[in-house]
Amino acid sequence: MTIAIVDYGMGNLHSVSKACERLGFDAVVTGDPSVILNASGVLLPGVGAFGDAMDHLHESGLDVVVREAAASGKPLLGICLGMQLLFDTSEEHGDHQGLGILPGRVVRFEGGSYKVPHMGWNKLEYTNASSPIFEGLEEGHVYFVHSYHVLPARKEDLLAVTDYGQPVTAIVGRGNVYGMQFHPEKSGEMGMSLLRNFMELAEGAKRA
Amino acid sequence: MLTKRIIPCLDVKDGRVVKGVNFVNLRDAGDPVELAALYDREGADELVFLDISASNEGRATMIEVVRQTAGEISIPFTVGGGISHVDDMKRLLRAGADKIGINTAAIVNPELISEGARRFGSQCIVVAVDAKYNEAWGEWEVYTHGGRKPTGIRALAWVKEAETRGAGEILLTSMDADGTKDGFDLPLTKAVSSLVGIPVIASGGAGNKEHFYDVFTEGQADAALAATIFHYKEIAVPDLKKDLKARGVEIR
């Protein structure tokens, strides 16, 4: 079984790919539609600006591929910007259309007395503890770096939040589609365990 | 709430850890990759690599160290030392570093902060400031070249400029406290923390656990960095974190 890490020219995918390897899963960094569609699970990472990322996805035709992968029922995980891309729109430097796989929008932090970006280790609070992504895991700390956050349109898509002066969307999920606002590959043992759970879902889906 | 971060710092020269590392349970205490992995296992929240290589070969070696480290650890790490161009930043980020520390080069060319932030995002740009109290001014002065050269620049004005230019974090070293083990420079740390809206990493002077408590509370630091006391096991990271947590500090 193979996990496809979608390479669309945004950010460094080395850390994510190495994290998969350390967990003992076979991961390939790829922009090849057939590899992505034949993988047992798909990771959509991303660092940078929303608009640039959508441009890259669109130019390479990978937006269609990622939507198709999501629709096929195979486990898909968006990480950081990759999670934000799953939603309808973002207001980061103007208005942008996202992939629209999950309903909701991406908005800027209203900083107030809180520093923006939200950067550092913050604790997850499960809003849906029965999700298989949390299998065997107690609420723990993970590493965030972001200036925009997601407001999902459906409350039931929210799996975990973190407290940063307001409840901030940390993990979303619906069916086979998941998103994590933080960097699981930079979140120590907790992050690695969440990644492992996702990979096991992918493995299970393949078997089934 | 965000937790306070504990950050061990490794000085690396030509691909080897220098300056007192005394780990008995390491196969090779001079190997930065192995040491980084150990700190990750012990619960360090982040790591800083300071490249003190003087040669181009040494710098090239650092890229390889960064690449290997990125594959071995699952916490963020910053690389600093001798970075004077956005191309240097790009190479290190591509190799897997999460953040880039710039010090002297930012003083010489403040545009480096703006350009780095624009190209890679503010969260990647850590401006390191070495400050020493200037009696005549009644405030702190910025030093460069590893704390040897006074610049005539006021530290508080400089950190503010760094923030305005897009720095994502300030790594603040007190030249007065560094090496003393008498504690972090609380007045300096507090002055900077209350002035800027970006996280401040306090550095220099850590000698015991109490010092960390003080810098997180009175000093208002977001993170605290130390080298020797961690390397020599005078303070173990897990003990320190347990102690701080017991005293009510938000800790992972």
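Residues are numbered from 1 along each chain as its sequence is written, and chains are lettered from A, with ligands numbered from 1, in the order in which they are written. Because the model is predicted, local features need pLDDT of at least 70 and side-chain atom pairs count only at pLDDT 80 or more, while totals for chains, interfaces and linings use all residues.

View 1. UniProt, in an unreviewed entry, places the feature "active site" at Cys80(A), His183(A) and Glu185(A). They are spread over 106 residues of sequence but cluster in space, with a largest C-alpha distance of 10.8 Å. UniProt positions follow the numbering used here, feature names are shortened, and annotations may be inferred rather than shown by experiment. His183(A) sits in the loop between β14 (177–180) and α6 of chain A. Glu185(A) is found in the loop between β14 and α6 of chain A. Helices (H or I, at least four residues) and strands (E, at least two) are DSSP runs, numbered from the N terminus.

View 2. His183(A) counts as buried because it has 24 C-beta neighbours inside 10 Å. Glu185(A) is buried, with 29 other C-beta atoms within 10 Å. The cut-offs are 20 or more other C-beta atoms within 10 Å for buried, 12 or fewer for exposed, and partly exposed in between, with C-beta atoms placed from the backbone. Leaving aside neighbours within four places in sequence, His183(A) is in contact with Ile79(A), Cys80(A), Tyr143(A), Val145(A) and Gly191(A).

**View 3. The contact between chains A and B.** Chain A gives 22 residues and chain B gives 22 residues. On the side of chain A that touches chain B, α1 (14–22), β8 (118–123), β10 (141–146) and α6 (188–207) of chain A each supply at least two residues. The residues of this side divide into seven nonpolar, ten polar and five charged. Ala, Val, Leu, Ile, Met, Phe, Trp, Tyr, Cys and Pro count as nonpolar, Asp, Glu, Lys and Arg as charged, and the others, Gly among them, as polar.

**View 4. An open sheet in chain A.** Four strands run in the order β6-β5-β7-β11 (chain A), with mixed pairing. The edge strands, β6 (96–97) and β11 (148–152) of chain A, each pair on one side only. Strands pair if DSSP finds at least two bridges between them. Strand β5 (residues 89–90) of chain A runs parallel to strand β7 (residues 104–108) of chain A, joined by two bridges. Ser90(A) has Val106(A) as its bridge partner in β7(A).

View 5. Asp11(B) lies in strand β1 (residues 5–13) of chain B. With 20 C-beta neighbours inside 10 Å, Asp11(B) is buried. Asp130(B) lies in strand β6 (residues 125–134) of chain B. It is buried, with 27 other C-beta atoms within 10 Å. Beyond four places in sequence, Asp130(B) is in contact with Asn103(B), Val142(B), Tyr143(B), Thr144(B), Gly147(B), Thr173(B) and Met175(B).

**View 6. Strand β6(B) and its partners.** Seven of the ten residues of β6(B) are buried. Strand β5 (residues 99–102) of chain B pairs with β6(B) in the parallel sense over three bridges. Here Gly101(B) stands opposite Val126(B). Strand β9 (residues 169–174) of chain B also runs parallel to β6(B), joined by six bridges. Val129(B) has Leu172(B) as its bridge partner in β9(B). Strand β7 (residues 139–144) of chain B is antiparallel to β6(B), with five bridges. Asn134(B) stands opposite Glu139(B) in β7(B). β6(B) and β7(B) form a hairpin with four residues between them, and Gly138(B) in the turn has a positive phi of about 75 degrees.

**View 7. Packing of two helices in chain B.** Helix α2 (residues 56–72) and helix α3 (residues 86–95) of chain B pack at about 30 degrees, with axes 8 Å apart. That makes α2(B) roughly parallel to α3(B). Angles under 35 degrees count as roughly parallel, over 145 as roughly antiparallel, 65 to 115 as roughly perpendicular and the rest as oblique. Axes are lines fitted to C-alpha atoms, for helices over the stretch in contact, and angles run from 0 to 180 degrees between N-to-C directions. Ile63(B), Val66(B), Arg67(B) and Ala70(B) of α2(B) meet Arg91(B), Leu92(B) and Ala95(B) of α3(B).

Methods
Contact = placed C-beta atoms within 7 Å.
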